[in-house]
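Thanks for coming, everyone. I have one model to show you. Please take a look at it before I start.

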Amino acid sequence: MAGLGRVLVHVRRGGEGGAARFGQSVTGSFCAPHEDLAAVSCALQRGRFLLADAAFPGSTETVLGRPPFCPAKLLGSPVATEPRGRGVEAAVAVLLQAATGPLLLTRRPHGLSIFPNVWVPPGGHVEPDEELLAVGLRELQEETGLRLAAGTFTWRLLGLWESVYPPMLSRGPPRRHHIVAYLLLRSQEPHEELEARICPSEAEVSAYAWLEPRVLEAIAATEDGAGRPGRVPSTLPASISITEVSGGSPRAVQLPTATLLNVAPAEGEDVERVSTGTKFALRLWLEARGGENGGQTGPEAASGGWE
């Protein structure tokens, strides 16, 4: 995405605050050092994405998470030199759920400098004067060609995720630092109708897949940083159908289910996997589904499975 500008994250605690510092954990501003989850209020306000420890006009209460291996957490202080003067940037990612149940995930091209070959929802930076939903709809259309007309979907904010790249200090100092707002968009159309309109941008998408809830549950159950890959449950197929995009000719191929259950290695080159932030969002989505079916709701219900 070639944006006109970037919206930076600001934090406010106890009525005071300012711009978040690159490389200093935003989540840590709202929780104890040993914790990785915080309750916050957030809103886009006057060209900034404001996170606060108390509600303010126009804000939404939500949860903010980070992985236990988050470089910003482990560094404990801001990076001395911010790359290209960056602060902490605001971004949006969209979990698109079809009326028939599956969710859409995309794989980032191998040649990208940030999170290459990793499965994520469509998403990107917040630009000035945009609202969260507008960002999500724009990024969805730019990356997949899907345009959702007003009145054909509902949406909600699932939660916020602190994303740093590289994701582990063993791979070098931070070069990117974002707070990602994960949105759930529920379409009234079945995935077959949505599939017929998909026209991915090969610059941002190398493959995509509509994943069933049972597969998503298995993905959400894996824990990056645990040092062991996820095991494919016996109830799941050995492979999953995905659509690869190359030269303008999409083709259906089979991807081993185990690939989507890979975890982020602590050292060395990364592997094809679902991103840690996406797993966080999937857990929130699964918790919301459980609440709709009479299960427990609220941050406490999901906190045991978060990284």
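This is a predicted model: local features need pLDDT of at least 70, side-chain atom pairs count only at pLDDT 80 or more; totals for chains, interfaces and linings use all residues.

Let's start with the pocket. How big is the largest pocket by volume? The volume comes to about 920 Å³. The lining counts 41 residues. Which of them lie nearest the centre? Those are Arg-108, Ile-114, Phe-115, His-125 and His-178.

Now the elements around it. Six names here, each giving two or more residues to the lining: strand 6, strand 9, helix 2, strand 10, strand 11 and helix 6. Strand 9 covers 123-125, and helix 2 covers 132-144. Strand 10 runs 153-165, strand 11 runs 176-187, and helix 6 spans 276-292. Which strand gives the most? Strand 10 does, with 5 residues.

Next, Glu-89. Glu-89 sits in strand 6, which covers residues 89-97. Is Glu-89 buried or exposed? The relative accessible area of Glu-89 is 4%, so this residue counts as buried, the cut-off being under 20%. Its side chain has polar partners. One is the side chain of His-125, in a polar contact of 2.8 Å. Another partner is the side chain of Arg-6, at 3.1 Å. Beyond four places in sequence, the contacts of Glu-89 are Arg-6, Val-7, Leu-8, Val-9, His-125, His-177, His-178 and Ile-179.

Last stop, Arg-197. Arg-197 belongs to helix 3, residues 191-197. Relative accessibility here is 33%, so Arg-197 counts as partly exposed. Which side chain does Arg-197 pair with in a polar contact? That of Glu-189, at 2.7 Å. A polar atom of the Arg-197 side chain also lies 3.4 Å from the backbone oxygen of Arg-147.

What else does Arg-197 touch, leaving out residues up to four places away in sequence? The list is Thr-144, Gly-145, Leu-146, Arg-147, Leu-148 and Glu-189. Take Leu-146. Along the chain, Leu-146 and Arg-197 are 51 residues apart. Yet their C-alpha atoms are separated by 6.2 Å.

To recap. Glu-89 is buried, and Arg-197 is partly exposed. That's my part. Over to you for questions.

Notes: Residues are numbered from 1 along each chain as its sequence is written. Side-chain values use heavy atoms; hydrogens and water are left out. Helices (H or I, at least four residues) and strands (E, at least two) are DSSP runs, numbered from the N terminus. Buried means under 20% relative accessible area, exposed over 50%, partly exposed in between (1.4 Å probe, protein chains only). Contact means heavy atoms within 4.5 Å. A polar contact is a pair of N or O atoms within 3.5 Å; within protein, one must be able to donate a hydrogen and the other to accept it, and residues adjacent in sequence count only if both atoms are side-chain atoms. On a 1 Å grid over the protein atoms alone, a cavity is a set of points where a 1.4 Å probe fits but cannot get out, and a pocket is an open set with protein on both sides within 12 Å along at least five of seven lines; lining residues have an atom within 4 Å of a point. Grid points are joined across faces, edges and corners, and a volume is the space filled by probe spheres set on the points.
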